[in-house]
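Here is a conversation about how the words used for a protein structure follow from their definitions. Each answer sets a value beside its rule and then draws the conclusion.

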Amino acid sequence: QNAISTLLVVIPIALLLILLLLFVVFKNITYTLVVFSTIPFSLIGGILALWVRGLPFSISAGVGFIALFGVAVLNGILMLNHFVALRNEHPHRLTIHKVIAHGTPHTLRPVFLTGLVASTGFVPMAIATSAGAEVQRPLATVVIGGLLVGTVLTLILIPILYDLVNSVPMAMRRMKVRRNNKIVAMLLLLGCASPLFSQQTVTLEQAIEMSLDKSLRLKSSELAIEQTKAMRGESWEFGPTTATYSQGQLNGPFHRDYEITVEQSFGNLLSPFYKNALLKQVSHSKTLERDMLEREIVGDVKSAWNYYLYAKSQLSLFEKQVDMAKQLQQVAESRYRAGEISQVEMMTAKSLAASMSNQYLDAIQVMQIASKRLNRVCYSPTDIIPADSALSLITLVGTKDNVGDLQKAYFHSVVAQSKASEKIEKSRFFPEISAGYQNQKINPDFNLQAWNIGVAFPILCTSQASRIKQARIATNMAQQDADEALLQLENRIKEIELTLESYAFRMDYYLNTSLPEGRELARVSMVQMMQQMIGLTEYIQNMNLYIDIEKNYLETLLSYNQLLLEYEYYMGNPKN
């Protein structure tokens with residue numbers, strides 16, 4: 001009884017040691033449990049053999065169970081190691097079904113031979129009748145019965161368990177993909193949930209008129225021009241009219257004399273002409289600023305319009321790709337279940353589908369940003385929907401003969417303002433004119449009248465000379481700043497023209513070569529993939545190439561149009 005109790009303690013310890021040894025070998029708890037499951041299979045056979053022969057559980061039977069566990073685990077290790085090696089030895093990992101289909105027949109012979117040799121060696125002990133047979137028969141019976149049943153169950157159940165433990169992660173990935181698809185669908189619904197009554201479809205000309213009518217900056221510029229025109233009344237600055245009355249003993253013995261004097265200073269008669277010229281230059285500069293601002297506003301509207309159409313075209317492209325990705329995912333799952341492709345190929349197809357879905361979500365965000373930008377530049381409280389359907393190459397408005405004329409005129413007007421200010425300071429050397437009238441009563445005479453005219457010369461003119469010098473320096477600085485700005489303007493125009501030529505070649509290549517070839521490649525690849533003429537790996541590579549071509553074309557077209565709009569800013573009337 002004590003020996004059996006000891007054996008019941010030793011067997012669990014042996015099982016624990018076997019479990020730890022399996023974990024060290026596989027370094028994977030899942031595969032460890034799969035191999036360890038062979039022990040219950042063999043245990044069933046050993047117990048069944050003891051029951052058939054009517055033998056009790058004894059110490060020798062317990063020892064037989066321990067030996068049986070070692071042989072059973074050996075069979076499990078042999079099968080599972082072969083499955084893992086078979087899957088990893090190919091450049092593209094085989095699918096689970098292919099591994100089981102190729103690996104199980106290959107391990108059938110060694111597993112059966114291992115069980116047959118061990119069970120055959122114990123047959124003499126199982127039928128022994130000599131002395132000590134009571135100890136030998138239970139041990140041999142347990143080993144033979146456990147090996148017969150355990151070997152058969154191992155060959156059947158190990159492949160099933162191997163398939164099961166590798167299918168669980170796949171099922172979890174499928175659930176994740178379905179959840180992502182649901183999230184995409186919800187975002188699509190949210191992205192398209194804007195009420196129809198809050199939208200308005202407009203043409204580009206209508207959007208430009210909306211922006212020009214509601215632009216506060218443009219209105220402020222118009223007011224600045226009106227303010228400058230109103231300042232022309234300041235050109236003639238007359239001094240205040242002085243009127244004095246004196247009474248008393250002015251110029252005689254009587255105390256009832258009086259004197260009335262009226263004087264008026266006309267100031268410098270030359271300065272008003274130069275002030276008027278300065279105000280005309282300021283008004284001209286303000287007008288040019290208004291014209292440049294108007295072009296800038298029109299350019300902002302066209303740029304936002306162009307970006308909106310780019311976002312719309314990109315979203316349309318990714319919508320088609322999402323449909324294509326769903327079809328690709330269905331085909332991949334169908335072929336994987338049929339064992340025609342490996343797990344790597346199926347996961348690659350799913351990764352492409354997930355990447356397309358993520359790109360579609362990004363395109364939705366870009367579309368929302370483009371819509372907000374267009375609404376902002378048009379000062380619209382409701383969503384604006386462009387009447388144009390897709391992004392296309394814009395047409396330049398204006399002629400190249402007058403490129404940069406408006407900007408050049410503005411820089412020249414700034415220099416002219418400084419020169420006019422310098423002339424005003426120089427004109428202050430001109431003498432100031434004044435006139436007066438007197439009426440006196442000196443008893444006994446009265447109504448004594450006199451007129452006077454005065455001239456004031458700036459003899460002490462040190463401060464005025466300093467102001468003239470400052471004005472001359474300011475003129476030189478304005479001239480240098482204008483020259484620098486004109487040089488940068490010319491360089492920028494030349495840079496834009498050269499870049500436009502480069503973009504023109506690229507656009508010609510996309511429109512005449514790359515895009516038609518890419519679309520034909522996508523069409524042919526889809527047909528060949530559905531007819532199983534090419535594998536999924538090659539199809540995915542072709543689709544990635546096609547997607548890159550379409551994306552690069554849209555990005556190039558966007559950059560080309562934006563550069564054309566900047567060039568148009570330097571050209572003629574942007575409203576035509």
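Predicted model: local features only at pLDDT ≥ 70, side-chain atom pairs only at ≥ 80, totals over all residues.

Q: Why is the pair of Tyr-437 and Trp-451 called tilted?
A: The ring centres of Tyr-437 and Trp-451 are 4.7 Å apart and their planes stand at 50 degrees, so the pair is tilted. Tyr-437 belongs to strand E5 (residues 432-442) and Trp-451 to strand E6 (residues 445-456), so the pair ties together parts that are 14 residues apart in sequence. Helices (H or I, at least four residues) and strands (E, at least two) are DSSP runs, numbered from the N terminus.

Q: What makes the pair of Tyr-510 and Tyr-553 tilted, and which helices hold the two residues?
A: For Tyr-510 and Tyr-553 the distance is 6.0 Å centre to centre, with 55 degrees between the planes, and this aromatic pair is tilted. Tyr-510 lies in helix H13 (residues 462-530) and Tyr-553 in helix H14 (residues 536-569), so the pair ties together parts that are 43 residues apart in sequence.

Q: Is Tyr-510 buried or exposed, and how do you know?
A: Buried means under 20% relative accessible area, exposed over 50%, and partly exposed in between (1.4 Å probe, protein chains only). Tyr-510 has 11% relative accessibility, so it counts as buried, and Tyr-553, with a relative accessible area of 12%, is buried. Trp-451, by contrast, has a relative accessible area of 70% and is exposed. In the chain of 576 residues, buried residues make up 40%.

Q: With which residues is Thr-556 in contact, and what does contact mean?
A: Contact means heavy atoms within 4.5 Å. Leaving aside its neighbours within four places in sequence, Thr-556 is in contact with Tyr-503, Arg-506, Met-507 and Tyr-510. Thr-556 is found in helix H14 and, with a relative accessible area of 5%, is buried.

Q: Is Glu-422 buried or exposed, and which residues does it contact?
A: Glu-422 has its place in helix H12 (residues 405-427), and at 10% relative accessibility Glu-422 counts as buried. Apart from neighbours within four places in sequence, Glu-422 is in contact with Ala-471, Arg-472 and Thr-475.

Q: Why is Gln-479 called partly exposed?
A: Gln-479, which lies in helix H13, has a relative accessible area of 28%, so it is partly exposed. Leaving aside neighbours within four places in sequence, Gln-479 is in contact with Val-415 and Lys-419. The C-alpha atoms of Gln-479 and Ser-418 are separated by 8.7 Å, although these residues are 61 residues apart along the chain.

Q: Why is H2 called roughly parallel to H3?
A: Helix H2 (residues 29-36) and helix H3 (residues 38-53) pack at an angle of about 10 degrees, with their axes 4 Å apart. Because angles under 35 degrees count as roughly parallel, over 145 as roughly antiparallel, 65 to 115 as roughly perpendicular and the rest as oblique, H2 is roughly parallel to H3. The contact is made by Val-34, Val-35 and Phe-36 of H2 and Thr-38, Ile-39 and Pro-40 of H3.

Q: How do you know that the charged end of Arg-373 sits over the ring of Tyr-307?
A: A charge sits over a ring if NZ of Lys or CZ of Arg is within 6 Å of the ring centre and within 35 degrees of the ring normal. The charged end of Arg-373 sits over the ring of Tyr-307, 5.5 Å from its centre.

Definitions and conventions:
Residues numbered from 1 in each chain as written. Heavy atoms only, no water. Axes fitted to C-alpha atoms, helices over the stretch in contact; angles between N-to-C directions. Phe/Tyr/Trp six-rings, centres within 6.5 Å; stacked < 30°, edge-to-face > 60°.
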